[in-house]
Structures are given as C-alpha cells and as structure tokens.
Amino acid sequence: CNMLFFLGSQLPVFWHGSANLSLIQPAEFTKTTLTSSKELVSIDIYPDPNNLTFMDVSRNRLDSLPEWVCEVKKLEVLDIRHNQICELPPRLFCNGSLRKLLAGYNQLRRLPERLEQTQTEVLDIQHNHLTELPSNLFLKAEW
C-alpha cells in the first residue's frame, strides 16, 4: 500500500507499506526529521538532507542506519533508541557536528574502534549487547 501525505510544512512523504518510508523534499529546508514509533525498517530521504540538524528515528525496527546519515554535515542530534541496530558505521563519528547520539536499547555488540576524533559530547549506549568498549573511548573525557 503506497500513500502520499504531508509532514510538517507540506513536505511530501511516501509511505510504502508498513515498513518503508521515503521522504522527497528540498534538502535545503529540512532541519528536523521525526519518524519515531512507526515500525520502520528503512528510511530514505531524497536528496540527502544537507541542513538536517535533528533526527529522531527512535522506536522503529531499523537494523542499520541509512548510509546517507553519515553524509549529513550539520547533524547535531541523532536519536536511534529502541531499534534493532547491531553496528554503528565508523564514518558516523567523523561527522564534526554530531554532538548527541542516543543509541540505547538496540542490539549493538561493539562500537567503532576509532573514536578519538569524534566531537560527540553525549553517547547513550545503555541496554545493548556490548562486551567491551574501545580503548580510546574516554580519551576526550575531562576531569
């Protein structure tokens, strides 16, 4: 079942069945994406949202992050809590603007090894399946 509806300020959203969402919008206008509690397994935004600063895709059924999330240069807050994500892409932490990553209640087994360059200030990884943390995770911690 495909449906077209409008989100926020008249942004077209294409809903493909119960598990896939495609958002087609002018990338320069998108600052927030809220798709929590939709039971989504995939999310596509066309074109890549260059001005996206806040993204809440919590409480879905995502098992991975879309590749385009790593390309969003202004993303400051990413809420992916309560999904089924097993691994975070290492390039996610190369984003110089990401300040807050909420990744609790997923299926994470490990974190990327190279986190010393991250600008992330808040990293919520509670209630995952982590068995160890990268040795450089706390290098930036201030006492």
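User: Is Glu 87 buried, partly exposed or exposed?
Analyst: Glu 87 counts as partly exposed, because its relative accessibility is 42%, where buried means under 20% relative accessible area, exposed means over 50% and partly exposed lies in between, using a 1.4 Å probe and protein chains only. Please keep in mind that this is a predicted model, in which local features need pLDDT of at least 70 and side-chain atom pairs count only at pLDDT 80 or more, while totals for chains, interfaces and linings use all residues. Residues are numbered from 1 along each chain as its sequence is written, and side-chain values use heavy atoms, with hydrogens and water left out.

User: And which residue does Glu 87 form a salt bridge with?
Analyst: The partner is Arg 110, with the closest N and O atoms 2.7 Å apart; a salt bridge here is a side-chain nitrogen of Lys or Arg within 4 Å of a carboxyl oxygen of Asp or Glu. Glu 87 sits in the loop between S7 and S8 and Arg 110 in the loop between S8 and S9, so the pair ties together parts that are 23 residues apart in sequence. Strands (E, at least two residues) are DSSP runs, numbered from the N terminus. Arg 110 is partly exposed too, at 47%.

User: Why can such side chains pair at all?
Analyst: Side chains of opposite charge can pair when their charged atoms come close.

User: How many salt bridges are there by this rule?
Analyst: The count comes to 5. One of them joins the side chains of Asp 79 and Arg 81, at 2.6 Å from N to O, and here Asp 79 is buried at 3% relative accessibility, whereas Arg 81 is partly exposed at 30%.

User: New topic: where is Gly 104 found?
Analyst: Gly 104 is in the loop between strand S8 (100–102) and strand S9 (122–124), and it counts as buried because its relative accessible area is 0%. Leaving aside neighbours within four places in sequence, its contacts (heavy atoms within 4.5 Å) include Arg 81, His 82 and Asp 124.

User: What does the side chain of Asn 60 reach?
Analyst: The side chain of Asn 60 reaches the backbone nitrogen of Leu 40 at 2.9 Å. Asn 60 itself belongs to the loop between strand S6 (54–56) and strand S7 (77–79), and with 6% relative accessibility it counts as buried.

Key: Helix = DSSP H or I, 4+ residues; strand = E, 2+ residues; numbered from the N terminus. Polar contact = N/O pair within 3.5 Å; in protein donor to acceptor, adjacent residues only side chain to side chain.
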